[in-house]
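Please open the structure in the viewer and keep the sequence panel beside it. The stops below are meant to be selected in order.

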Amino acid sequence: MILIYLIVILLTGAFLAWITGKKSSEWPRIISLAALSIDLLIIIIYVLNSFPLDKSWLIDIKLDWIPAFGISFHLALDGLSLVMLILTFFLGIISVIISWKEINSKVGFFHFNLLLILAGITGVFLSLDLFLFYFFWELMLVPMYFLIGIWGHENKTSASNKFFLYTQASGLLMFIAIIALYFVHGHSTGLYTFDYLQLLGTAMNGPTAMLIMLGFLAAFLVKLPVVPLHNWLPDAHTEAPTAGSLILAALLLKTGAYGLLRFVVPLFPSASVTFAPIGMLLGVAGILYGAKLAFAQTDLKRLVAYTSVSHMGFVILGVFSFNELAYQGVVIQMVAHGISTGALFILVGQLYERIHTRDINRMGGLWEKAPVMGAIGLIFSMASLGLPGLGNFVAELLILIGVFKANVLMSCLASLGLIAATIYSLRIVQKVFLGKKNTDWTMNDLTIREKAVSASLVIAILWLGLFPKPVLDTAKPAILKTLNKQKEISYESPVSNSEKILCDPSCNPLCTFVVKNNSFKHKGTLSKAQSNTKEEQDN
Amino acid sequence: MTEKDFLCLVPFLILATVPVVIMIVVSILRNYNVVFGFSVLSLLAAFSSIFFIFPSVPHAIEPLFIIDAYSLFFLGIIIISALLVTFLSYDYIKQLTGVREEYYIVLFTSTLGAALLAVANHFVIFFLGIETLSISLYILIAFQRSKSNSIEAGIKYLILASVSSAFLLFGMALIYTASGTMQFTEIVKSFGAGSQLSPIVLSGFGMMMVGIGFKLALVPFHMWTPDVYQGAPAPVSAYVATVSKGAVMSVLIRFFFNLKGFDNQYLFVSISGIAILSMFVGNILAIRQKNIKRLLGYSSIANMGYLIIILLTGSDKGIQASVFYLISYFFTTIAAFGVIALLSTNEYEAEKIEDFKGLFWKRPGIAIVFTLSLLSLAGIPLTAGFIAKFYVILEGMNAGLMVLIISMIINSVIGLYYYLRIITMLFSSGNESKLPELSFIGNITLAITGAGILLLGIYPGWLIDIIVRFVSL
């Protein structure tokens, strides 16, 4: 029941915030803070009580929803979703606190939308029924659309429309894929269901699996986003209010990564292997192209937005290299990027509140005015470039090592991204906080509220960087589960089976012949090669 | 006529008697509230009589009617929608100058026509129903005689509907010459169904499709839709979009499934073509509209395009999907036109998109209902429209209609674009226009439709169970 409570508390909070918002603007803030804190507490208490977390599904709850179509209200928690949930509630609290002074109009409705998005995200991380998953997936969209469209900056309307159309169009493709999977499973087993655990072993032929997987990929790759489909991201991030950018970058993008790990790889083990080279290529392209564009921006918020594209490239690269190290890296990257990029967006928001510009050329020399802010900015820029000791370093190192096992070339290319990251990150620090003073801004340093927010984020990123073991241990069973699915299928696949029989002399008398023949050929080629070399030497 | 026949016809008797009674009452005492109250009570009585009939179906009254669970379901939907439209009309009609009570008389006759279509098993009833419906609609559409828009819409509908009726009649005649019977179930027996349909029957059905396509506003018979939707009083537009279309759809489904038209490749291809054209034309033309009533008109063209996909599934499941789709579409459309009706006054019709600017900050309740209905039209989760679209896509894919489903998906995205435009307007700030005070009845109606949209969107299981249990041909 805990899982249902988590969502219900957020929804109740949302409606309460809206209702009380008409009377005062303090109540919605307090209610949202309370709802998110209660959720975080529930999860933490649960973790402390049920240690160690080594079961494959920690909590599993299933209720009927639309039985006529085999749709159930199926929520379950495993290590991966646990990590993501803690991140969600933690950053949710932070997004309420940073909006405390920034959002002054329509406060009730703002918090209503905020909590509704978080409820949607919570649902996405928990649902094990594909229909329910799509339901929550779409539930995140409308309030996010309002968040950008109502409280955003100058070009909010076009940015919010773009965001909605991109995600909705790709989401519909996933929807079709989900229904196709439902029928493929139904026709082959007679059991028509949207339940993830039932659909896991669905037998499909190659092209079908590929097509259905592409439907899923469309939604996840747009959300992540991957390079040719990333167009909505810079606009949406730039125009959204700070809390909106924070949630977009830190949580919404993670739903795409989560979808890859939870659905694409386990549901389509062999098709995803076929797709892996393209996936990795897209990842590397994202890393390099995102970094290049980040470097070229003059709008600070846009710059940070493009770094997301670059960092998310590592995630897709890791996902398609199918080994444990890389997957651990992906999990850490999801958390670390959420914290570090979120912190950078908060910083941009704080700057904008003070000097009312995001133009990087009009800043400079701000360190003198606001040393604490400068220090925070420095820390998170360092995190973004992957300085050892901070979370992103662990993540990117693990991913690169993992990818190196799978594909050396990709790994080498991706590591170039670290250099590019260094360049754009240092540029932030140099242009904003150091360098020549362009204008005489009068600005205050961080207030106590802002210091508290930044301090908690700094602690989190340091903890991830110095002692990531708890996160890794929590997510490990889920990762292994995903990878095992992969291995099972690749062993069971008919091609490898026949090869096994052919090449094992003990089970097939013909084989000895084949093997002998092979060895003859081998010798033949060898002798030829030797003779060639002899000839060369002779010449 | 047996007792059972009589029982089965009670709802129709109620619908037929009420206009006469109102006429007599009005000639003695003109009181708007009395007439309104009486209409509402009679509709409720007609609706509750359905439950008394229910145990004795299926029952055929040879040769004209067939009363089964399917037709009772449609009857219920039609009466409920008529009831909601009556509620919406209360304030809108009340503020008109001149005669007002006659509006309800005509509303009843048109509902009678629509109800006849749901039980028709014979060309005579089919045509009688469609003409009763149409002739009443001419009056309803042109009810605001002082407005040129309204007169124009009425005349346009009159002329085009007459032409389409001629096509319909000619088509029926052709089929009659080939089969020698006008009863749906007998037609099939006389020359087989599906792929064995003879050319003369095919051309007859083609002619009929012109008439039916006109009523459903399918491309290329859709030209009247935006003008009529714009010119008619808002509650009447809602009525045209829901009751009239739902009733025609019910008879089309019955006839087409009896004929097994989905097995005939010519019919299959032409219906697919009409469906795809309707989706694309409706949605693309809607993008540039500045008038919400016109926009909803175009969107209804697209919606009917989605719905006739069901004809090609050829299964009871498809019919069940169409019933769910119609119910959700009815709630959604009545909510949308209800908002327009409630915000309009005698002098000023709130129909431009700018009129709705910042509505959310002034009248949150009404804006939420409008947003819900737009999201439902766009098929976003939490609303009835999402489940309805899901149901149609599910059954469409089950029948392997991938091309149609993919064009439906593409169109959902196009549609989203213009719905979003209105929603953005609702939530943007700054509005100088004055809004009329809302009445109690109007608020209740909007609350009912809004709650319906949410209920069917969040917990549709019970309705789907009921539909799956009872609706089949």
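What pLDDT does chain A average, and what percentage of the residues score at least 70? The model is predicted, and chain A averages a pLDDT of 86, with 90% of the residues at 70 or above.

Colour chain A by confidence and select helix 4 (residues 107–126), where the mean is highest, at 94. Then select helix 21 (residues 494–503) of chain A, where confidence is lowest, at a mean of 40.

Next, display both chains and turn to the interface. Here 23 residues of chain A are in contact with 22 residues of chain B. On the chain B side, select helix 17 (384–398), helix 18 (402–427) and helix 20 (461–470), the elements that each give two or more residues. Helix 18 of chain B gives the most, with nine residues. By residue class, this side of chain B comprises 17 nonpolar, four polar and one charged.

Return to chain A and select helix 19 (residues 448–466). Its 19 residues reach 26 Å from the first C-alpha to the last, close to the 27 Å expected at 1.5 Å a residue. Show the side chains of A:Glu450, A:Val453, A:Ser454, A:Leu457, A:Ala460, A:Ile461, A:Leu464 and A:Gly465, which are buried. Because they cover an arc of only 135° around the axis, they lie on the same side of helix 19 of chain A. An α-helix has 3.6 residues a turn, so residues three or four places apart point the same way.

The remaining stops concern backbone geometry. Most residues other than glycine have a negative phi, and most peptide bonds are trans.

Select A:Phe322, in the loop between helix 13 (300–319) and helix 14 (324–355) of chain A; its phi is positive, near 50°. A:Phe322 counts as buried because it has 21 C-beta neighbours inside 10 Å. Move to A:His356, in the loop between helix 14 and helix 15 (366–369) of chain A, where phi is also positive, at about 55°. With 9 C-beta neighbours inside 10 Å, A:His356 counts as exposed.

Finish in chain B with two cis peptide bonds. One joins B:Glu62 and B:Pro63, with omega about -10°; B:Pro63 lies in the loop between strand 1 (59–61) and strand 2 (65–67) of chain B. The other runs from B:Val219 to B:Pro220, with omega near 5°, and B:Pro220 is found in the loop between helix 9 (199–216) and helix 10 (224–231) of chain B.

Note on methods
Residues numbered from 1 in each chain as written. Chains lettered and ligands numbered in written order. Predicted model: local features only at pLDDT ≥ 70, side-chain atom pairs only at ≥ 80, totals over all residues. Contact = placed C-beta atoms within 7 Å. Helix = DSSP H or I, 4+ residues; strand = E, 2+ residues; numbered from the N terminus. Nonpolar A, V, L, I, M, F, W, Y, C, P; charged D, E, K, R; others polar. Expected span 1.5 Å × (residues − 1). Buried ≥ 20, exposed ≤ 12 C-beta atoms within 10 Å, placed from the backbone. Arc of directions from axis to C-beta. pLDDT = per-residue confidence, 0-100.
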